[in-house]
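Good morning, everyone. Please take a moment to look at the structure on the screen before I walk you through a few of its contacts.

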Amino acid sequence: MKPLALAICCLIVLAGCAQPGPAVVALALVSPAAAGLTSQSPGEFPSERWWAALGDPALDALIDQALASQPGLQAAQARLAMADAAVAAVQAGQAPQATLQADATRQRFSANGLVPPAVAGSVRSSATVQASGHLPLDAALDFFGRHQAALGAALGHQRAAAADAQAARCLLAAQLAQGWVALARLQAQRGLAEQAQAQRQAQRDLTAQRVAAGLDTQAALRSADGPVPEARATLALIDGQIAGARHRLALLSGQAPALLHDAAPALAPLRLLTPPPHLGAGLLARRADVLAARARVEAAAHGVAGARADFYPDINLNAFVGLNALGLDRLLQLGSRQLGVGPALHLPLFDGGALRAQLQGRAAEADAAVAAYNAAVLGAANEVADAASSLRSLAAQRSEQALALAAASDAQALAQQRFGAGLGNRLPVLQAQALLLAQQGQAVDLQARQLDAQVALMLALGGGWQPGASAAALGQR
């Protein structure tokens, strides 16, 4: 009858303990189809070192240096190391623990206390040498999944930190490539601005000659005077922008501004990349930020499981063995030995609703993680769609602008031929040259925008990251 009575008592205690309440309905994860992504994959595009395809060794060296020593990336790696340590701490908490304690005390015992007369009122020495151990049975056997949930949450945060570090690398490479393109665009614009300044000065000088010959008026000369300082101001503005672009590149690459003072990339050698025709759901397996968000969803789900497991008993086994004696000369005697072993049970009965509030908080955190993941998926799909549509638009613009540039070039050549044949003065030549410079400026801007959009597409596709098979499967789910 005793086992039956013990079982009944256990049931009564369990019935009276804190209850988690009804199950919480979690938010649902958005599917790739709901985000407008097809089942097709971009394959191996882009490559892990996609920026090398742009064809500028100086850019390659700059990105490699930044990826090796940029402070922001070092901070991301430090956060990953913290997550690794958190996993190790959880794993250590599931292993047996042992400690050794030794102490010696010289004291006078009260003559009026509970100490027996033989010792009462005397000054004696006492010593203890004891080893104690703690075996978390609930961790070792994990009756209620509490420790599995804790480990799962720590591993989820670890995977999220690793993905965050990779996302930071992808973003840094894209920012450096875009900054490099911006600097190349400014360098090209500066060359055109110098030509524009020379053209306006020549036009002003020609107008002055015509005024001196009585072929034009002072009003025409004053009108020709204005564009000259305007051209110089434009050149000074571009010089300031070039300095700022170099400073931003230095900051992104973790260098002093003076080290990039002479950086002068050119747009001409930079090559355009050819994206695949289909950009589907496979990109979710390549986007580090999406995988980080998904890892946080899993960590939050384990947090909910752990909070629910806190409603159930925590069972441990404690033991100790050692020596204790009154008098140092008797410490090592056989009779001074002491030992003990016994289980320990911790069971929440009435907590004023603290555990239920904790469970509700973990459930809210899980919903927030799901919402962040859904936003990351939708954002990834939108970024890819934006970059792809921008590339199509820019390709069409460059095609039309190339026709306008060809027409301006032909007009300038014809004007130069007429002037060379003595059929007109030089003014139409300078005017045609101004139109040609304007078209060349538009060509530079469109080329830079197309390169910038391609870099944005590389980033939207995950920057060429090749996660492991488990991470890939995670992104496809």
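What you see is a predicted model, in which local features need pLDDT of at least 70, side-chain atom pairs count only at pLDDT 80 or more, and totals for chains, interfaces and linings use all residues. Residues are numbered from 1 along each chain as its sequence is written, and side-chain values use heavy atoms, with hydrogens and water left out.

Helix H2, residues 57–69, packs against helix H7, residues 227–253, at an angle of about 45°, and their axes are 8 Å apart; helices here are DSSP runs of H or I, at least four residues long, numbered from the N terminus, and the axes are lines fitted to C-alpha atoms over the stretch in contact, with angles from 0 to 180 degrees between N-to-C directions. In this packing, Leu-62, Ala-66 and Ser-69 of H2 meet Leu-249, Leu-252 and Ser-253 of H7, where contact means heavy atoms within 4.5 Å.

Leu-172 belongs to helix H5, residues 146–212, and, leaving aside neighbours within four places in sequence, Leu-172 touches Ala-66, Leu-67, Gln-70, Leu-73 and Leu-252. Although Leu-172 and Leu-252 are 80 residues apart in sequence, their C-alpha atoms are 7.1 Å apart in space.

Is Leu-172 buried or exposed? With a relative accessibility of 5%, Leu-172 counts as buried, a word that means under 20% relative accessible area, whereas exposed means over 50% and partly exposed lies in between, using a 1.4 Å probe and protein chains only. Trp-50, at 3%, is buried, and Trp-51, at 5%, is buried as well.

Definitions and conventions
Helix = DSSP H or I, 4+ residues; strand = E, 2+ residues; numbered from the N terminus.
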